[in-house]
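Trainee: I am new to this structure. Please take me through one part of it closely.

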Amino acid sequence: MAHWGYMTTNGPSTWGKDFPIANGERQSPIDIVTTAAEYDSDVLGSNALSTNYTPESEVKLVNNGHSIMCQITKKGVLTGGPLGKDEYRLEQFHLHWGAEDNRGSEHTVDGKMYASELHLVHWNASKYSSFADAVQKPDGLAVLGIFITPGVACNQFKVISDNCGKLKTSGAEMTVDTTLDPTLLLPSNTSDYWTYLGSLTTPPLFESVTWIVFKEPVEYSKEQLLALRNLVDSDGNHMQDNYRPPAALKQRKVKKTFT
Ligand SMILES: C[C@@H](CNC(=O)c1ccc(S(N)(=O)=O)cc1)Cn1ccc2ccccc21
Ligand SMILES: [Zn+2]
């Protein structure tokens, strides 16, 4: 089978051929209709979402052919909010972006697309033994979605944007000898978010993700966004517009932690 991607010939509209779950009941991303989201005080009340990440002492970057990914080696824990007492372990983070600032995010807010979307991927270490074990379980994964909008540079993201040029080709990997604190990639307000049950947004599209999408976007500079657009994908083209459009909400409710 032609490897999946984001071109006309192998993009999101073709994924259902090899991955029938593409038309499933809990697919991601979705359009977040803000007026339809339900305020849920017990999601907020019982225990606030909390992150406890250990800064990486070196940064392992991989161009995996459809995004740039940072592999996490230190212990980082996400818990609380919709995750209850379960502790989810940070595994990796990566991004999706557009060829221009008017598109690139996967989730949309009342139809609005942001220039990019950062995903911090976690797996349920309270219930499963590894990422591979958790990846197909309905409560296996939790992903933090952070909207990115053009503005001032994000200092913590510099180690990635400054090295995209060296990760040009698909399969390229590198280790940068510098620290990175994933906490500093999050927006300042991590209390206000939407949450719903969804899936991986790329094949195999497993329906195993509790999504937590922050309301407040983070700013990256134009140069940082341009660095992403200069990456090359597995077909040797510029890696851009690597986002899946919103899937049907079907019988799901989106919850929000703010009024
Ligand atoms: C999950 C795939 C690899 N994909 C991901 O890990 C992944 C993570 C997050 C997102 S997103 N954009 O939703 O945040 C998308 C994909 C590997 N893989 C394929 C089959 C398979 C079977 C067992 C273990 C791993 C397996
Ligand atoms: Zn993603």
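Mentor: Start at Trp 194, which stands opposite Val 213 in strand β13. This is a predicted model, and the pairing described here is read from it. The strand that pairs with β13 (residues 209-214) is β12, and the two run antiparallel, joined over six bridges. Trp 194 also stands opposite Lys 256, a residue of strand β15. Strand β15 covers residues 255-256, and two bridges join it to β12, again in the antiparallel sense. So how much of β12 is buried? Strand β12 spans residues 193-198, and five of its six residues are buried, so the rest of the structure largely encloses it. In a regular strand, side chains alternate between the two faces of the sheet.

Another part to look at is the site of the zinc ion (ligand 2). Its protein donors are His 94 through NE2, His 96 through NE2 and His 119 through ND1, lying 2.0 Å from the ion. Along the sequence, the donor residues follow the spacing H-x1-H-x22-H. The zinc ion (ligand 2) has four donor atoms, and the angles among them are 100 to 116 degrees, which makes the site tetrahedral.

Notes:
Residues are numbered from 1 along each chain as its sequence is written. Chains are lettered from A and ligands numbered from 1 in the order in which they are written. This is a predicted model: local features need pLDDT of at least 70, side-chain atom pairs count only at pLDDT 80 or more; totals for chains, interfaces and linings use all residues. Side-chain values use heavy atoms; hydrogens and water are left out. Buried means under 20% relative accessible area, exposed over 50%, partly exposed in between (1.4 Å probe, protein chains only). Helices (H or I, at least four residues) and strands (E, at least two) are DSSP runs, numbered from the N terminus. Two strands pair if DSSP finds at least two bridges between them. Donors are N, O and S atoms within 2.8 Å of the metal (3.2 Å for Na, K and Ca); water is not among the atoms, so sites may look incomplete. Four donors count as tetrahedral if all angles lie between 85 and 135 degrees; four count as square planar and six as octahedral if opposite donors are over 155 degrees apart and all others between 65 and 115; anything else is irregular.
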